[in-house]
Amino acid sequence: MKTFLVIYRPGEAWIVGRPVSEQPLAAHGRYLLRLYQAGTLRFAGPFEDDAGGATVIEAPGEAEAHTIASHDPAVVDRIFVYELHPWRLVDWERHTRAA
């Protein structure tokens with residue numbers, strides 16, 4: 001499995017002037033919960049400056065990761081647009097032990 005960072009930004013259906021907590025994101029939350037329960041979603045949360053949010057997902061490859069992100073109800077409903085980045089995590093514990 002490969003790790004991907006998904007950055008969500010306001011899309012054309014974002015309600016301007018409303019914080020992320022007041023956007024219609026219930027289906028997005030349910031979708032992320034299902035991904036977490038399936039072991040695909042590792043971390044997720046909104047940005048504290050209400051500029052969107054991010055998730056860390058695991059998928060076999062970039063095509064599968066794009067499918068996961070593009071099927072998010074908030075993306076389908078254009079509340080969010082997303083950027084997908086393959087992400088190589090640094091094993092800081094290993095570096096700490098080696099130092």
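Both W14 and F80 are buried, where buried means under 20% relative accessible area, exposed means over 50%, and partly exposed lies in between (1.4 Å probe, protein chains only). The model is a predicted one, in which local features need pLDDT of at least 70 and side-chain atom pairs count only at pLDDT 80 or more, while totals for chains, interfaces and linings use all residues. Residues are numbered from 1 along each chain as its sequence is written, and side-chain values use heavy atoms, with hydrogens and water left out.

**Aromatic cluster**

- A search of the whole structure finds two aromatic pairs, a pair being rings of Phe, Tyr and Trp (its six-membered ring) whose centres lie within 6.5 Å, with planes under 30 degrees apart counted as stacked, over 60 as edge-to-face and the rest as tilted.
- The ring centres of Y8 and F80 are 5.2 Å apart and their planes stand at 45°, so this pair is tilted.
- Because Y8 belongs to strand β1 and F80 to strand β4, the pair ties together parts that are 72 residues apart in sequence, and both Y8 and F80 are buried.
- The rings of W14 and F80 also make a tilted pair, because their centres are 5.7 Å apart and their planes are at 40°.
- W14 lies in the loop between β1 and α1 whereas F80 is in strand β4, so this pair ties together parts 66 residues apart in sequence.
- Taken together, Y8, W14 and F80 form one aromatic cluster.

**Strand pairing**

- Helices (H or I, at least four residues) and strands (E, at least two) are DSSP runs, numbered from the N terminus, and two strands pair if DSSP finds at least two bridges between them.
- Strand β1 (residues 2-10) pairs with strand β3 (residues 53-59) in the antiparallel sense over seven bridges, and within this pairing T3 stands opposite E58 in β3.
- β1 also pairs with strand β4 (residues 80-86), in the antiparallel sense and over seven bridges, with L5 standing opposite H85 in β4.

**Salt bridges**

- Four salt bridges are found in a search of the whole structure, each being a side-chain nitrogen of Lys or Arg within 4 Å of a carboxyl oxygen of Asp or Glu.
- One of them joins R78 to E12, with the closest N and O atoms 2.9 Å apart, and this pair links distant parts of the chain, since R78 is in the loop between α3 and β4 and E12 is in the loop between β1 and α1 (26-37), 66 residues apart.
- In that pair, E12 counts as exposed at 66% relative accessibility, whereas R78 is partly exposed at 45%.
- Another joins R42 to E58, where the closest N and O atoms are 3.8 Å apart; R42 lies in strand β2 and E58 in strand β3, so the pair ties together parts that are 16 residues apart in sequence.
- R42 is partly exposed at 44% relative accessibility, and E58 is likewise partly exposed, at 23%.
- E22 forms a salt bridge with R18, the closest N and O atoms lying 3.8 Å apart, and here E22 is partly exposed at 44% while R18 is partly exposed at 40%.

**Positive phi values**

- Most residues other than glycine have a negative phi.
- D50, a residue other than glycine, has a positive phi near 60°; D50 is placed in the loop between β2 (41-46) and β3 and is partly exposed at 32% relative accessibility.
- R78, also not a glycine, has a positive phi of about 65°, and its place is in the loop between α3 (73-76) and β4.
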